[in-house]
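Take a moment with the sequence and the 3D view before reading on. The paragraphs below walk through one chain, then the other.

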Amino acid sequence: MTQPNRLNSGGRIDRDQPMQFEFNGRRYSGFQGDTLASAMLANGVDLVGRSFKYGRRRGIVAAGAEEPNAILQLGATEATQVPNVRATQQELFDGLVAQPTSGWPSLNTDALGMVGKVFGSLLPPGFYYKTFMFPRFGWKLYEKYIRKAAGFGRSPRAEDVDQYDHLNQHADVLIVGAGAAGLAAALSAARSGARVILADEQSEMGGSLLHSRDLMGGKPATQWVADTLAELAGRDNVLLLPRSTVNGYHDHNFLTIHERRTDHIADRAPEGMSRQRLHRVRARWVVLATGAHERPLVFANNDLPGCMLASAVSTYLNRYAVAPGNKLVLMTANDYAYRTAFDWQDAGRDVVAIVDSRADVSGHYQEEAKRRGIAVLLGHGVIEARGSKKVTGAVVASLNADGSAVAGASRTLSCDLIASSGGWSPVVHLSAHTGSRPVWNDDVLGFVPGETLQQMKTAGAVKGSYDLVACLRDGAEQGAEAAKLAGFDATPATTPEVDSWPEAKAMALYSIPHTQPNSRAPKQFVDLQNDVTAAAIELATREGFESIEHVKRYTAMGFGTDQGKLGNINGMAIAAKSLGQSIPDTGTTIFRPNYTPVTFGAVVGRHCGELFEPERYTAMHDWHVQHGAEFENVGQWKRPWYYPKAGETMQQALDRECLATRESIGILDASTLGKIDIQGKDAREFIGRIYTNAWAKLAVGKCRYGLMCHEDGMVFDDGVTSCLGENHFLMTTTTGGAAGVLEWLELYHQTEWPELEVFMNTVTDHWATMTIAGPNARKLLAELCDDIDLDKDSFKFMDWRQGTVAGVPARVFRISFTGELSYEINVQANYGLHVWEKLFEHGEKYNLTPYGTESMHILRAEKGFIIAGQDTDGSVHPYDLNHGWAVKEDKPFSFIGKRGMKREDCVREGRKQLVGLKTKDPKVVLPEGAQAVDDPKQPLPMAMLGHVTSSYYSANLGRSIAMGLIKDGLNRNGDTIYYPLSNGQVVEAEICSTIFLDPKGDRQNV
Amino acid sequence: MFYIHCPYCDEHREEEEFHAKGQAHIARPLDPDACTDEEWGNFLYFRANPRGIHHELWVHAAGCRKFFNITRDTQTYAILETYRLGEQPSVTSQS
């Protein structure tokens, strides 16, 4: 296969390694060393996408991260799809498959393109806001089609087959960018012995030196790059990260680096290798040597395929041996871009003309052009590109002195490539990430990094210093300075001399005027990715948008995935001119992480699938799995939810579990409840201050239920605390609240009451806890325990005993969350499964039935026991819960919550209070969250009384039961209220006691 | 992400190990029952929201579990000092 635009010699490609690839269904070939973009250009692929709003044909413009058009969908299989890859940053590999992301129904026949042509004038900025946002619901209908037509990549429909990972790193000096300045900085820092990380987004380090034809110390620039990299690679204090984009600069010198480890090798990563890696680097000092992006010039039809950045043309010629055309017109406002015309001529191609907006300029570059016989049109501008599918000509005209108006007649030069250079914009993105505002510098006609609080130095072109010798020296000095500040003895590395010509002053030119006003001239594009034109920006300023931040949001300038890398400065210049003020007066440009898009894979790393979040298992987990339990996530714990038998529905399983427990005996794995061991001579006093009720007289061997409130008086946790010794307590908390409660205890101990001698630690994982509940609980326990007197009068309700269960040391607590005779057996976690199995061995004859959290909820609701966090929500105090019995008002110390629950709002009439609810139809189970009203026929909005907090079907009672908060509910026993549901149904219910079963507690006191 | 010096561990650690607990130096009234609703409300809810220097309570939750204080600039996110409970800040908005 031929590559029509490939040069026969030169470049950094390996012609002995041809590679096949596919774009838009067609097969092409390229070489090792190509990017996808250089290979496409080599094959003469002009059309890479359709534009966002007008559907116009677009080609490759740039050669790096700033590329706005060649945004492609990559992937040979569904599982390896990657959307929005810049072809300029994707290395070619054999078998690469790429698709355009825009163009619908196809790239060549684009529906939006027709819309754009016919209705283009009807698509002003703000069009989408003005049109599709009304009616409000409309956007949902339109969005799908607009997005499809606008051209965004699509996410894969199959699971990603590759692995991604994260690596935490520390560095003394992190250098961002391995161009001339970055390499020189790395040499200085590395020689000092500092730990250096040098990261560069390209496949090869060297930056612009890779396509430079300058001689450095008499040798080719690429030789100096190779020598420098060889030295750096030989030092074990240096980590070189090519293909690694520093995407975020965060507080306190924390930077994130996105390394593409295998994207250049194949469609998916080789076995055993992560595809991409996110380095999380904490650096002592950072040197930003991020360089600069060339600015294109804005002129009419400047989006035609065949309009490119001048430096990109040089890059394709010199680095990739690709000449994307035959006849070049170079449009420039500076000397540097002349090099592109010389490169083009040296590649054997025709330079039609150098069009220079400066009228009065003469120097080495102009002389060289003359020597080469290249026509130079001084004081001229390319005012319009001609062509329908791609560039076929450039309309040039003479300009006035400041380039603000066309001064003479225009003529058309025949060409197939227009390269333009409006100067350079320093890549200040990273320096802006932590809030430092870039500042305008009139000498370099661009924004440079502003002051920063980070430990950061900048070197080279990012400062607006574009001379190679100066960049090298600056790099060496800043690298040494950063190493010194990081505590190393560093001196600047010596840098080679470069024989380069002095450049004449560049002209401040951003957009080139047309013979027509911008509003009538053919479209002059500022932001190619978001289809923002010069006329649109002028319209925005006319409509009153004066701040550049508002102009950006109104026109969408800079909101593409390229973040306006090419267009923002030009857009600001046009807005400034339109507003009659300077660029710095118009505003600055601020950038946010990330510098270029980062894949979700890299963001997530290994934190996916089963490693997404830690999972906590109890000691009996395997048993639950083997017995068919369905699990529920409670915090990080996996708790058995219910144990369905073959053919059972969930409700049938719950009914069976609940009935078996109250009829004979059930067993619950309660290991996940938080357990905090509290010791010290003031432990009792401390607990009394934390809980709302009395603890002064709780004897050793006794347990007590307690409520915990915040200072506002609202309940946030509850549980049973047992007195293990005079100065030793075991506190239990809700499963999800355990860590928070421990931190709460530490907070008060450390900040308010450090004088109390008390120590606390979590022992949740140390113990396996199994609750046996039901009339046969004592009988079963007696079979496995012979050293505790289980007699009802010696081991009473709310007692605990130390003993041996199934041959294992155990603490047995006679407490109950079901209202049944119940024992919580705690053993060292390692013995948990053994004891659990022994209980089943002996419990079979009693039909010992395992029950999960759902049956636990039903059984406790039958008894009116609350669950903190379900029946409470941070606005409910103990009296609202009818739990005044758990508040000891006359404790000597004003316990946490006491003052809070006495506030005016907490003691007023009409607070929402927790009550029981019985639906009129016993089969109807109220949905949790349903809102109660007194009169369901009242007009909207209805006066709401409160919501249902807990609701279940109770097999033991043969009906539904519920609890809920109702305004003044404790005074409304027997009242009928209504729950209008979202499906139109209205459920009638009666307010009742929360205790549905055994109100006297006979079942547990046996 | 912050890089925080724990004054008890005497080491810099990543923010992930810490929890922020709000404004520092808010003492619980010694006799809550003697507080008016307004006084108690001020203690409960009213917090400074300065632009600039702020003293905050943090806890080394995934470390030594100690609470300590941070003087932080809310504009720049610079941490100016960390100090133990019971100590006073050396950097204040007055200094």
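Helices and strands here are DSSP runs, a helix having at least four residues and a strand at least two, and they are numbered from the N terminus. Keep in mind that this is a predicted model.

Start with chain B. Its elements, read from the N terminus, follow the order β-β-β-α-β-β-β. That is one helix and six strands. Chain B has 95 residues, of which 19% count as buried. Along the principal axes, its C-alpha atoms fill a box of roughly 40 × 30 × 20 Å. Now take the contacts in chain B with a separation of 6 or more: 50% of them join residues 24 or more positions apart.

One residue of chain B deserves a stop. Asp10(B) sits in the loop between strand 1 (3–6) and strand 2 (11–14) of chain B. Its phi is near 55 degrees, a positive value in a residue other than glycine. Most residues other than glycine have a negative phi. Is Asp10(B) buried or exposed? Asp10(B) has 7 other C-beta atoms within 10 Å, so this residue is exposed.

Next, see where the chains meet. On chain B, 20 residues are in contact with 20 residues of chain A. Helix 1 (residues 37–45) of chain B gives the largest share of the side that touches chain A, with three residues. What kinds of residue make up that side of chain B? There are 13 nonpolar, one polar and six charged.

Move to chain A and to the nonpolar cores. In soluble globular proteins, nonpolar side chains tend to be buried together. The largest nonpolar core holds 175 residues, and Val173(A) and Ala189(A) have the most contacts inside it. Helix 5 (residues 180–191) of chain A supplies the largest share of this core, nine residues. What does Val173(A) touch, leaving aside its neighbours within four places in sequence? Its partners include Ala189(A), Ala194(A), Val196(A), Trp285(A) and Gly479(A). Arg284(A) is also among them. Another core, of 101 residues, lies apart from the largest one; Cys658(A), Met708(A), Tyr823(A) and Ile825(A) are among its members.

A pair of helices comes next. Two packed helices are described by the angle between their axes and the distance between the axes. The axes of helix 7 (residues 310–320) and helix 8 (residues 338–346) of chain A come within 9 Å and cross at roughly 30 degrees. Angles under 35 degrees count as roughly parallel, so helix 7 and helix 8 of chain A are roughly parallel to each other. Their crossing is left-handed. On helix 7 of chain A, the residues that meet helix 8 of chain A include Ala310(A), Val313(A) and Leu317(A). On helix 8 of chain A, Arg339(A) and Trp344(A) are among those that take part. The residues of this contact divide into four nonpolar, four polar and two charged.

Finish with the backbone of chain A. Most peptide bonds are trans. Yet Pro593(A) and Asn594(A) are joined by a cis peptide bond, with omega about 5 degrees. Asn594(A) is placed in the loop between helix 15 (583–586) and helix 16 (600–604) of chain A. The bond from Leu940(A) to Pro941(A) is also cis, and its omega is near -10 degrees. Pro941(A) belongs to the loop between strand 45 (931–932) and strand 46 (946–954) of chain A. Lastly, Asn301(A) has a positive phi, near 60 degrees. Asn301(A) is buried, because 24 other C-beta atoms lie within 10 Å.

Note on methods: Residues numbered from 1 in each chain as written. Chains lettered and ligands numbered in written order. Predicted model: local features only at pLDDT ≥ 70, side-chain atom pairs only at ≥ 80, totals over all residues. Contact = placed C-beta atoms within 7 Å. Nonpolar A, V, L, I, M, F, W, Y, C, P; charged D, E, K, R; others polar. Buried ≥ 20, exposed ≤ 12 C-beta atoms within 10 Å, placed from the backbone. Axes fitted to C-alpha atoms, helices over the stretch in contact; angles between N-to-C directions. Parallel < 35°, antiparallel > 145°, perpendicular 65-115°, else oblique. Left-handed = near helix turned anticlockwise from the far one by under 90°. Core = buried A, V, L, I, M, F, W, Y, C linked by C-beta atoms within 7 Å.
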